[in-house]
Each structure stands twice: as structure tokens, then as C-alpha cells.
Amino acid sequence: MDVRQLRNFVAIVDSGSLSKAAERLLIAQPSLSQQLRTLEEELQTQLLIRSAQGVVPTDAGKTLYRHARVVLRQMEQIREEVREGGGSEAGPVAVGFPTTIAAILAVPLFQRVRTQYPGIRLQIFESMSGYISELLANGRLDLAMLFRDSETRGISVMPLFDEELYVMGGHLVCPEIDADADTAPGAREHSNDVASGTCELARLANVPLVVPSASNGLRLLIERSFSQANVELNIVADIDSLPTLIDIARAGDACAILPASALAPRDPALRPKALRIVSPQMVRPASVCWSNSLPVGSATLAVRQCIADLIRELQADGHWTGITLRAPA
């Protein structure tokens, strides 16, 4: 087994087919197929399941893929650190953000890292939290922001804050807020505040809601909160698109339940009415996470500190409302 075989195997899995991987790697498909057979013979196990639709890894293939990604990334980090003089903050750092956090944190992180650590090549992945967690477990990410505050097998966490949830499209459940001068159109035109009112969870009984699909962590939190409060949940659509959820809430066709950070990039005039959910509050913890089975390089440590610093700064200057910072461990 050599690095070339590992790199090609990763390309096959990422591409989902031998032909696409061969095209991507600029090598003949028969040669790539022979490399795969040689690798399977050496490891004495089947690594891929082939079908007319392409290839998918077996359990053994998933294990090899996870380790191969780690090895390849570490080799790239070695090259970068040696070029930069050894030990300095340099090389690639892959970070995963759930969509709601990416909306407020991704651009400031890019700007901070580019300014303070020009030797670091930042790689940002944005997706639903479940997929980000999977990428971290598979060794494709160095760091990930996830909604948890306790360690799991193989994953270390640094709890950073607790995040409150808001009902977007709040005028559907609290029509009186339209008469409130603080929330009237244009009143918050130059404000970073998301909402000045609250909404008891019981008022959301049978209110039409659009929510992420069942595999999403936010969906699970919503379902659990309504169940524990014995409030009737009325989901009218499953939507895995943050802009679409917000647009539907703003149009008044249904409500969405989201954190304040989801609205941060939007012009205040284009935001839906938002009310903080209370009695009980809906809160989720957020932590920066990393694999504890791998060495953490100086570049990864630098990016991790940038994330923690930026969250504190964004909360302090009012750009990130609805979060309560955790005390440093």
C-alpha cells in the first residue's frame, strides 16, 4: 500500500464511480481498476460494491477511506509546515459549519485567518449538522461546529455558547406585534436586533410550521420540545434550505423556528418578524469539535482559537444575538 493507492481510492469513493475517478485523476480506467484489485488483494477484503449506478464502499472500505483521508491531510500539512520553516501556522485546515452558523461566522473567520495567518489555507464546508458530524467522523474535517456539549467516542468538544431559538413569522401567532412601534416596518432598519418580544411555546400549538427534514438536529429539538411541553406540532413542509425557510416565514405562509444567527446576513427590512420562544425556552448548545484520535497541528489550534475569539466579539458588539457564552474551561 502506498500514498498513490490511497489517494486514488479516496478519489473513487468521492466520485462514486471508477470512470469519473479515472477522468478526475487523468489515468486510464483499466489501470485504476487494477490498482483497486491489488489493494483489495493486499488487504484481503472487498472495499467497494459495484453496480450499474456506480460504486459505494463496504464497511471495510469506509474504514480505509477514513484513515486514507487522515493520512493524506497529514502529509499535506507536513509539506506546508516544512515550506514555511517548520512549526509555524501553515497548511490546510478544514472546518465544517451548520448552515445557520455559517451564515454569521464563515465570512468573518475567512477574513481573520487570511489576515492573521496567511500561511493557512482555510477550507470551509457548509451543510446540515448531521452531514457535518459525518464528515468529522470520516476524517474529512479538522474542526466542526456542532450542536452538542459533551464528548462522544473519538470526538472532543469545546463548548462555546448556548443558542436560543426564535419563531420566525411571529406575526402569525402574535398579530399584536405589528402594532408595536419597536417592531414596525423600518423601526429596526439600522439595528442588529432580531426581535424585541417573546412568544410562549403554547401559542405555537397547531401553527403551520416549515422545518428541516427528519435527520436534522434542529428538527429533532423542535419535535422533542413540543412533545415535552404537550403542544400540538403542525409541520406542513420539510425544507432543507435556510433561505427558503426564512422567505416562507417572511411571506407569512407559515412559521419557521430558527436561531437569530440565521437572520444576521439579511437586511433588517427583509427579515421576517421574529419572537424569542419562552415558557419553556428552546435552547441548544454549540461547541467546536475535533477528532481526539489525531494530532492537532498548530494551524488547527490557531483556527480553533480564531473561532472562539470571533464568537465572543460578535456577541459583544451585538452582531450575534440570542446566545449565552460558556465560561472557558
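Guide: A nonpolar core is a set of buried Ala, Val, Leu, Ile, Met, Phe, Trp, Tyr and Cys residues joined through side-chain atoms within 4.5 Å, where buried means under 20% relative accessible area, exposed over 50% and partly exposed in between, with a 1.4 Å probe and protein chains only. The model is predicted, so local features need pLDDT of at least 70 and side-chain atom pairs count only at pLDDT 80 or more, while totals for chains, interfaces and linings use all residues. Residues are numbered from 1 along each chain as its sequence is written, and side-chain values use heavy atoms, with hydrogens and water left out.

Visitor: Which residues touch the most other members of the largest nonpolar core?

Guide: That core has 36 residues, and Met168, Leu204, Phe226, Ile257 and Leu258 are the ones that touch the most other members. The elements giving two or more residues to this core are β6, β8, α7 (217–228), α8 (242–251), β10 (255–259) and β11 (274–278), and α8 gives the most, with five residues. A second, separate core of 30 residues includes Phe97, Leu143, Phe161 and Leu310. Helices (H or I, at least four residues) and strands (E, at least two) are DSSP runs, numbered from the N terminus, and the protein chain has nine helices and 13 strands.

Visitor: What makes Leu258 count as buried?

Guide: Leu258, in strand β10, has a relative accessibility of 2% and therefore counts as buried. Contact means heavy atoms within 4.5 Å, and beyond four places in sequence Leu258 touches Leu165, Tyr166, Met168, Leu218, Leu242, Leu245 and Ile246. With the same exclusion of sequence neighbours, Ile257 is in contact with Leu165, Tyr166, Leu204, Leu209, Leu218, Ile222, Phe226, Ile277 and Met282.

Visitor: Why is Leu201 called buried?

Guide: Leu201 has a relative accessible area of 1%, so the word buried applies, although Leu201 is placed in the loop between β7 (198–200) and β8 (208–211).

Visitor: How do you know which form the peptide bond from Ser279 to Pro280 takes?

Guide: Omega is near 0° for the bond from Ser279 to Pro280, and the bond is cis; Pro280 is in the loop between β11 and β12 (283–291). Most peptide bonds are trans, and most residues other than glycine have a negative phi. Phi is positive in Leu26, near 60°, and in Asn230, near 55°.

Visitor: Are Leu26 and Asn230 buried or exposed?

Guide: Leu26 has a relative accessible area of 76% and is therefore exposed; Leu26 is in the loop between α2 (18–25) and α3 (29–43). Asn230, at 73%, is likewise exposed, and is found in the loop between α7 and β9 (234–238).

Visitor: What makes Phe161 and Trp320 an aromatic pair, and of which kind?

Guide: Rings of Phe, Tyr and Trp (its six-membered ring) pair if their centres lie within 6.5 Å, with planes under 30 degrees apart counted as stacked, over 60 as edge-to-face and the rest as tilted. By this rule the count comes to one aromatic pair. Phe161 and Trp320 are 5.1 Å apart centre to centre with 65° between the planes, so the pair is edge-to-face. The pair links distant parts of the chain, 159 residues apart, with Phe161 in strand β6 (residues 155–168) and Trp320 in the loop between α9 (298–316) and β13 (323–325). Both Phe161 and Trp320 are buried.

Visitor: How do you know that the charged end of Arg284 sits over the ring of Phe147?

Guide: A charge sits over a ring if NZ of Lys or CZ of Arg is within 6 Å of the ring centre and within 35 degrees of the ring normal. The charged end of Arg284 is 3.5 Å from the centre of the Phe147 ring, and Arg304 lies over the face of Trp290, at 4.1 Å from the ring centre.
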